[in-house]
Amino acid sequence: METSDKFPIHSGVPQESVLVPLLYLIFTADITTRNDIVIATFADDTAIIASNENPQTASLSLQTHLNQIEAWLSNWRIKVNETKSAQVTFTKLKTDCPVLTINGTQLPVKNQVKYIGLILEPKLTWRPHITAKKTQINLKLRQMNWLIGRKSKMTIENKLVLYKEVIKPIYSYGIKLWGCAKPSNTQIIQRMQSKTLRIMFNAPWYVSNKTLHKDSRIPFIEDEIIRKTNRYLLKRTGHPNKQVNQLHAPPRPGENYTDSGPQMCYN
């Protein structure tokens with residue numbers, strides 16, 4: 001084992017230190033806020049959101065806030081990578097919010113953005129996110145075919161353990177959100193699950209998907225969405241965080257978050 005020479009740290013924190021998340025939260029706790037802006041932060045991922053029926057008004061609120069953040073960044077000597085930021089307009093209408101700038105650099109305008117593992121696009125149909133999860137599942141199934149495939153000698157019990165621990169987490173993350181997508185989109189994941197169970201059981205064509213789900217005790221995707229959503233609502237009830245209690249209940253499966261009214265610009 002070798003170690004380098006010791007050097008003083010003039011800024012930043014040591015990588016992989018257990019104190020890094022706490023120190024970062026303390027350091028950025030006084031980030032500039034506004035009444036007409038919502039700031040969503042998770043570690044160093046920050047989303048700035050403005051909502052208004054008028055796209056120009058939404059962009060003006062965002063730009064004003066970005067100008068204030070420029071001063072905050074300069075004061076605390078924080079460097080932001082403008083090219084890795086993105087501007088997205090969430091609306092069903094065929095319109096976009098005016099472009100935004102920070103530190104004199106125009107933010108890239110994109111049709112979709114990935115935030116804390118969720119792919120968001122203007123109409124919030126969740127189809128790009130679901131399609132991406134389908135691709136990930138297919139890749140993982142190919143890698144694990146020798147373990148859970150038709151020719152595998154592994155017991156079905158162990159195959160199911162691998163499915164629950166490796167495959168299921170791929171699509172179940174954020175299911176309370178993307179579960180509000182149209183059935184035609186959520187069925188993409190359902191078909192993948194049915195196909196996987198059929199391979200694991202080495203089941204012939206005449207065995208129904210209902211039988212496969214019943215024998216494996218794996219719920220249908222629609223039932224999993226309802227179960228996860230109800231569990232979330234139960235945990236939210238009486239939560240000590242007032243902001244959590246003020247959150248609106250998520251739509252039922254099949255309903256959509258968006259409407260044809262307000263324009264929401266996201267940075």
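This is a predicted model: local features need pLDDT of at least 70, side-chain atom pairs count only at pLDDT 80 or more; totals for chains, interfaces and linings use all residues.
The mean pLDDT of the chain is 87, and 92% of its residues reach 70 or more. The stretch to treat with caution is residues 252-264, where the pLDDT is below 50, although this stretch still has 51 contacts in the model beyond near neighbours in sequence.

Now the overall picture. The chain contains 10 helices and eight strands, and its C-alpha trace spans about 65 × 60 × 40 Å along the principal axes. Of the 267 residues, 34% count as buried. If we take the contacts between residues at least 6 apart in sequence, 63% of them join residues at least 24 apart.

The largest nonpolar core has 34 residues, and the members that touch the most others are Leu-120, Trp-126, Ile-130, Ile-137, Tyr-171, Trp-178 and Ile-189. Both strands and helices contribute, since at least two residues of this core come from each of β3, β6, β7, α3, α5, α6, α7 and α9. Apart from that core lies another one, of 12 residues, which includes Leu-62, Leu-66, Trp-72 and Leu-73. Returning to Leu-120, and again leaving aside neighbours within four places in sequence, we find this leucine in contact with Phe-90, Asn-111, Gln-112, Val-113, Tyr-115 and Trp-126.

Next, the helix pairs. Two packed helices are described by the angle between their axes and the distance between those axes. For α5 and α7, the axes come within 11 Å and cross at roughly 160°; angles over 145 degrees count as roughly antiparallel, so α5 is roughly antiparallel to α7. The crossing in which α5 passes α7 is right-handed. On the α5 side the residues that meet α7 are Ile-156, Lys-159, Leu-160, Tyr-163 and Tyr-171, and their counterparts in α7 are Ile-189, Gln-193, Thr-196, Leu-197, Met-200 and Phe-201.

How do the axes of α3 and α7 cross, and within what distance do they come? They come within 9 Å and cross at roughly 10°, and because angles under 35 degrees count as roughly parallel, α3 and α7 are roughly parallel to each other. Here Arg-127, Ile-130, Lys-133, Lys-134, Ile-137, Asn-138 and Leu-141 in α3 meet a set of α7 residues that includes Ser-184, Ile-188, Ile-189, Met-192 and Thr-196.

I will finish with two single residues. Ile-225, for its part, lies in helix α9 and is buried, with a relative accessible area of 3%. Between Ile-225 and Thr-105 there are 41 Å in space, C-alpha to C-alpha, and the two are 120 residues apart in sequence.

Technical notes
Residues are numbered from 1 along each chain as its sequence is written. Side-chain values use heavy atoms; hydrogens and water are left out. A nonpolar core is a set of buried Ala, Val, Leu, Ile, Met, Phe, Trp, Tyr and Cys residues joined through side-chain atoms within 4.5 Å. Buried means under 20% relative accessible area, exposed over 50%, partly exposed in between (1.4 Å probe, protein chains only). Helices (H or I, at least four residues) and strands (E, at least two) are DSSP runs, numbered from the N terminus. Contact means heavy atoms within 4.5 Å. pLDDT is the predictor's confidence in each residue, from 0 to 100. Axes are lines fitted to C-alpha atoms, for helices over the stretch in contact, and angles run from 0 to 180 degrees between N-to-C directions. Angles under 35 degrees count as roughly parallel, over 145 as roughly antiparallel, 65 to 115 as roughly perpendicular and the rest as oblique. A crossing is left-handed if the near helix is turned anticlockwise from the far one by less than a right angle, and right-handed if clockwise.
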